[in-house]
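Here is a short briefing for a first look at this structure. Keep the sequence and the 3D view open while reading.

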Amino acid sequence: MRVRIANARLLDPASGRDEQGSLDVVDGRIASVGNADAADGVPDQVIEANGLWLAPGLVDLHTHLREPGQEYKEDIETGTRAAAAGGYTLVCCMANTDPVNDSPAVTEYIQRRARESASVRVRVIAAATQGLRGEIMSEMAGLAGAGAVAFSDDGSVIMDAAVMRRVLEYARGIGRPVIAHCEDLNLRGSGVVHEGAHASCCGLPSSPGEAETVMVARDLELARLTGAHLHVAHVSAARSVELIRDAKAAGVRVTAEVTPHHLLLTDEAIRGYDTNKKMAPPLRTARDREALRAGLADGTLDCIATDHAPHAHYEKDVEFTAAPFGVVGLETALAAGLELVREDLLSPLALIDRMSTRPARAFGMGGGTLEVGAPADLVLIDPERAFKVEPTGLESRSKNSAFLGRELRGRALRTWVGGRLAFALDEELS
Ligand SMILES: [Zn+2]
C-alpha cells in the first residue's frame with residue numbers, strides 16, 4: 001500500500017528541505033520525498049495537500065501524562081490524544097506520577113499502558129532520586145535498561161548540590177541526559193508569581209528570576225565538572241539565557257527548552273487572578289520574554305517544550321495562592337510557535353526544527369526527519385487555520401489552558417504515527 005501526500009510544502013529541518021513536493025508512505029515508512037516520479041510506483045491513495053505544510057511529527061520533551069495515579073487529571077489515552085491533536089507524534093512523560101516512576105516496574109508499566117492505549121509514541125523520563133525527594137539516587141542503570149530516555153525530578157527540585165553532582169555523574173556513565181527544574185526552593189519561598197509591580201499590585205507572594213538563575217548557574221557548573229548532558233527545563237528568565245549561551249560557547253554539554261506560555265505571555269497576565277496563569281517557573285517580564293524569543297531564534301534554547309501539566313477544574317477553581325502550578329499545552333503549542341513565525345522571529349523551517357528535529361536529537365530518540373526510510377511520523381499543518389481555545393475543543397481531560405478564550409491561528413489537520421492516522425481534524429481535506 002503506497003499512500004502519496006501530494007502538493008505539500010515539505011519542511012524538513014534535518015535536510016534543510018523547504019519546497020513544494022510530495023511524500024510517499026509505504027508500510028509505515030517514508031518511501032520517497034520530493035518530486036515523485038514513475039519509478040516510485042503508482043500510489044494506491046493520494047492525499048491532496050493543496051500547499052499545506054508537511055513536516056516531521058512534533059516531539060515534546062516535557063509532558064505530564066499523570067498515569068499512574070492521577071487519572072482524574074489525565075491519562076495516557078487522553079494525554080496522547082491531545083498530543084496527536086496538537087501535531088505531536090512523540091511525547092516524553094515526566095516521573096512525578098503516583099507512584100513516582102523511580103523503579104523499572106513503573107517504567108515498564110507506563111510503557112505497557114502506552115502500547116495498549118496511546119495514540120502517539122511515548123518515551124519515559126524516570127526520577128533522578130527516589131521518591132523525587134532529592135536525597136538518594138534512583139536505580140538509574142536499571143531504569144535506563146527498562147527504557148528511560150532521561151532522568152528528572154521535575155515537579156520537585158534536587159536542592160542538594162552533592163546529590164545533583166552524583167546524579168549527573170551516573171547519567172553520564174549510562175549516556176542519558178538529566179533534566180533540571182531550576183528553582184531554588186528557599187529563594188522561591190511561598191512565591192507564586194514573579195516579583196515585581198504586578199505581584200505588588202495583586203498582593204500575591206512572589207519570587208525573583210534569581211530563584212531560577214542561581215540554580216541554572218549551579219547546574220551548568222556541575223555539568224562542566226562532570227561532563228554530563230544537562231537539559232534545562234522551561235527556561236523563564238533573561239539571565240538564564242545568557243548563562244546557557246556562555247556555557248554552550250565554553251563547550252558545556254547543555255540543551256534547554258522554553259514553553260509556549262513563557263514565549264507569549266508576561267506577568268501582566270496575573271492581574272485577573274486567573275489560576276490558569278499560575279505555573280512554575282512563573283510568567284516573567286516583557287524583557288525576559290524578549291530574551292527567551294531571541295534565545296530560541298539563535299539556538300541557545302534548543303526547543304519549545306509544552307510542560308503540559310493537567311489539573312482538574314476543581315483544583316484550579318480556588319484562590320490563586322491555593323491553586324496548583326501548571327497549565328496544559330499540547331494542543332496550543334503549534335499555534336503559539338506560529339505566532340513567532342508570523343512575527344518573523346523564526347522561519348517555518350526553524351519552527352519545525354525547534355519543535356521536532358532538535359528535541360528528537362536532544363534525547364537521541366530518532367524522529368524529526370523526512371528522510372527516506374524513516375518511520376512516517378508526520379504532521380500536516382494549516383498555518384492559517386484559526387480557532388478559539390475553549391474547554392470543549394480540547395481533547396485533554398483537563399482544560400487548564402493559559403490561552404482559554406484566545407483566538408489562535410495554525411493547526412494540525414492530520415497526524416500520522418508510523419503511517420497510521422492518529423488524528424484528523426476534518427473529514428475531508430478541502
Ligand atoms: Zn518543572
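Lys 73 lies in the loop between β6 (58–63) and α1. Helices (H or I, at least four residues) and strands (E, at least two) are DSSP runs, numbered from the N terminus. This is a predicted model: local features need pLDDT of at least 70, side-chain atom pairs count only at pLDDT 80 or more, and totals for chains, interfaces and linings use all residues. Residues are numbered from 1 along each chain as its sequence is written, and side-chain values use heavy atoms, with hydrogens and water left out.

**Around Lys 73**
- Lys 73 counts as buried, at 4% relative accessibility. Buried means under 20% relative accessible area, exposed over 50%, partly exposed in between (1.4 Å probe, protein chains only).
- The side chains of Lys 73 and Glu 315 are joined by a polar contact of 3.0 Å. A polar contact is a pair of N or O atoms within 3.5 Å; within protein, one must be able to donate a hydrogen and the other to accept it, and residues adjacent in sequence count only if both atoms are side-chain atoms.
- Beyond neighbours within four places in sequence, Lys 73 is in contact (heavy atoms within 4.5 Å) with residues including Arg 66, His 311 and Arg 397.

**Helix α1**
- Eight of the ten residues of α1 (residues 76–85) are buried, so the helix is largely enclosed by the rest of the structure.
- Among the buried residues are Ile 76, Thr 78 and Ala 85.
- Their cover includes β7 (88–93), α2 (104–117), β8 (121–126), β17 (407–417) and β18 (420–424).
- Asp 75 caps the N-terminal end of α1, with a side-chain oxygen 3.0 Å from the backbone nitrogen of Glu 77.

**Zinc site**
- Asp 154 (OD), His 181 (ND1) and His 234 (NE2) coordinate the zinc ion at 1.9 to 2.1 Å. Donors are N, O and S atoms within 2.8 Å of the metal (3.2 Å for Na, K and Ca); water is not among the atoms, so sites may look incomplete.
- Along the chain, the donors follow the spacing D-x26-H-x52-H.
- Asp 154 lies in the loop between β9 (150–152) and α4 (161–173), and His 234 in the loop between β13 (230–232) and α8 (238–249), so the pair ties together parts that are 80 residues apart in sequence.
- Both Asp 154 and His 234 are buried.

**Nonpolar cores**
- A nonpolar core is a set of buried Ala, Val, Leu, Ile, Met, Phe, Trp, Tyr and Cys residues joined through side-chain atoms within 4.5 Å.
- The largest one has 89 residues, and Val 232, Ile 244 and Leu 301 touch the most other members.
- Helix α12 (residues 333–342) gives the largest share of this core, seven residues.
- Another core, of 19 residues, lies apart from it and includes Ile 5, Val 33, Ala 376 and Leu 378.

**Helix α8**
- Ala 238, Val 241 and Ile 244 are among the buried residues of α8.
- The buried residues of α8 pack against α7 (210–226), β13, β14 (254–258) and α10 (286–298).

**Cysteines**
- The disulfide count is zero, where a disulfide is a pair of cysteine sulfur atoms within 2.5 Å.
- The sulfur of Cys 92 is 7.7 Å from the closest cysteine sulfur, in Cys 93, too far for a bond.
- Cys 202 has its closest cysteine sulfur in Cys 201, 6.6 Å away and too far for a bond.
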